[in-house]
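Trainee: I would like to go through the labels used for this model and see what each one rests on.

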Amino acid sequence: MTTPLNQALINFIYTSPTPFHAVANMVSLLEAAGYQHLFERANWSIREGGRYYIVRNDSSIIAFKLGKNKLEDSGFRMVGAHTDSPCLQVKPQPELNKSGCWQLGVAVYGGALLAPWFDRDLSLAGRVTFTHQGQLQSRLINIDRPIAVIPNLAIHLNREANKGWAINQQTELPPVVCCEDTEKPFDLRELLAKQLLTEHGLQEVELLDYELSFYDNQKGSIIGVNEDFISSARLDNLLSCYAGLEALLHSNEDQNCLLICTDHEEVGSCSACGADGPFLEQVLSRLMPDPMIRNRCIQNSLLISADNAHAQHPNYPQKHDEQHAPKINGGPVIKINTNQRYATNSETASFFRHLCNSNEIPVQTFVTRSDMGCGSTIGPITAGKIGIKTVDIGIPTWAMHSIRETAGAKDLFYLIRALRVFYKTATLF
């Protein structure tokens, strides 16, 4: 099912190798739609009907549109997602010279599936900080060509490989970037300086620090005999970020609509720009300084926390509760957990189910097996921080946290359609 929508998602993800790039791309789309940048260090002048966005740490963003209805009476229609994905991040002093090759030391960010990182074309992207003409500056860089590989050990030298083995993150994951040059050691900062010149035209910079991630340089694709699937890196959770943004950009003029996409979900969300930080709470306080108005607004609001759900795998059907096993291309999934790993309750689940049923959008339910642990999302965190009613939903996905994940080609359309309807909904409960 190759559609302009699916291809647009693939392009968005390909040009968003890090949370920094994802937010920069979202900013471009928002500004093209007339959204105004609000700087946290400045005073704000907000008007009815205005469209605004706020960025924190270059990796988290809140965008909102003020409709005709008063905030305290109708609240916000909120959609939340996260910009980060499990990856390999470069260490501060990473250069390693071993066996005639230069490698870069890495640290694993989040709960990554490590085996799929071997034998892939890897590139490097992120944010670098430097001095230029005496001024401290930061820029985003994306080398955007294969510059590294983590080669597997041949089966002849590891006869137990197909029986499974524990990957040592310290010794087995450093990517190889080049062969040893007897005349000159490899210097990552020199490579970054050249990239700053290529991308930004900056010369004579002094590199001070960076936040860099390796990523799969292969672009996503539509796969399957009938083009049923989207295969790409970072579907978790840039798919939800893109769907939320598309829905926001097509929302009507009556409702107050907000999209929040935060960083650091994969490592617990506890940061200045994470869902467990003060970002959303501080923005709402600036929009509504009066606590009474703010509390009324929150109680008249609803958050749809959109994060990918585990689709039933045809090779491992026993990993799901047979009554709660979402299928690829079966529509958005309502995620429920008795122990509050998801924030869904009977009312918020009913709201979303009714929304989908009323608009002929297929909808599914996920409950993890009772003998297995359950992941979590920004849903319970945000609900706990500000007290907003929340429903956790997501698109069914295979191989979550792999370097390449798979989702349904129809499900992106279903999700965007549901979120568009939500942003236009007049009555919540």
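Trainee: What makes Q340 partly exposed?

Mentor: The relative accessible area of Q340 is 48%. Buried means under 20%, exposed means over 50%, and partly exposed lies in between, with a 1.4 Å probe and protein chains only. Q340 therefore counts as partly exposed. Before going on, note that this is a predicted model, in which local features need pLDDT of at least 70, side-chain atom pairs count only at pLDDT 80 or more, and totals for chains, interfaces and linings use all residues. Residues are numbered from 1 along each chain as its sequence is written, and side-chain values use heavy atoms, with hydrogens and water left out.

Trainee: Where is Q340 found, and what is its phi?

Mentor: Q340 is in the loop between β16 (333–335) and α8. Helices (H or I, at least four residues) and strands (E, at least two) are DSSP runs, numbered from the N terminus. The phi of Q340 is positive, about 65 degrees, although Q340 is not a glycine. Most residues other than glycine have a negative phi.

Trainee: Which class, buried or exposed, does N217 fall into?

Mentor: N217 has 11% relative accessibility, so it counts as buried. N217 lies in the loop between β10 (205–216) and β11 (221–223). Leaving aside neighbours within four places in sequence, N217 has contacts (heavy atoms within 4.5 Å) with Y14, D121, S123, D144, R145 and P146.

Trainee: What is the phi of D144?

Mentor: It is positive, about 55 degrees, and D144 is not a glycine. D144 sits in the loop between β8 (135–142) and β9 (176–179). With a relative accessible area of 36%, D144 is partly exposed.

Trainee: Why is K327 called partly exposed?

Mentor: Because its relative accessible area is 42%, K327 is partly exposed. K327 belongs to the loop between β15 (309–310) and β16, and it touches Q312, Q364, P396 and D411, not counting residues up to four places away in sequence.

Trainee: Which peptide bond is cis?

Mentor: The one joining D236 and N237, with omega at about 15 degrees. N237 lies in helix α5 (residues 235–249).

Trainee: Why are α8 and α10 called roughly perpendicular?

Mentor: The axes of α8 (residues 346–358) and α10 (residues 411–424) come within 10 Å and cross at roughly 110 degrees. Axes are lines fitted to C-alpha atoms, for helices over the stretch in contact, and angles run from 0 to 180 degrees between N-to-C directions. Angles under 35 degrees count as roughly parallel, over 145 as roughly antiparallel, 65 to 115 as roughly perpendicular and the rest as oblique. The two helices, α8 and α10, are therefore roughly perpendicular to each other. F351, F352, L355 and C356 of α8 make the contact with A418, V421 and F422 of α10.

Trainee: How many nonpolar residues does the contact of α8 with α10 have?

Mentor: It has 7 nonpolar, no polar and no charged residues. Ala, Val, Leu, Ile, Met, Phe, Trp, Tyr, Cys and Pro count as nonpolar, Asp, Glu, Lys and Arg as charged, and the others, Gly among them, as polar.

Trainee: The chain has 10 helices and 20 strands. What makes it as compact as a globular protein of that length?

Mentor: The radius of gyration is taken over C-alpha atoms, and the globule rule is 2.2 Å times the number of residues to the power 0.38. For 429 residues the rule gives 22 Å and the chain has 22 Å, so it is as compact as a globular protein of that length. Buried residues make up 52% of the 429.
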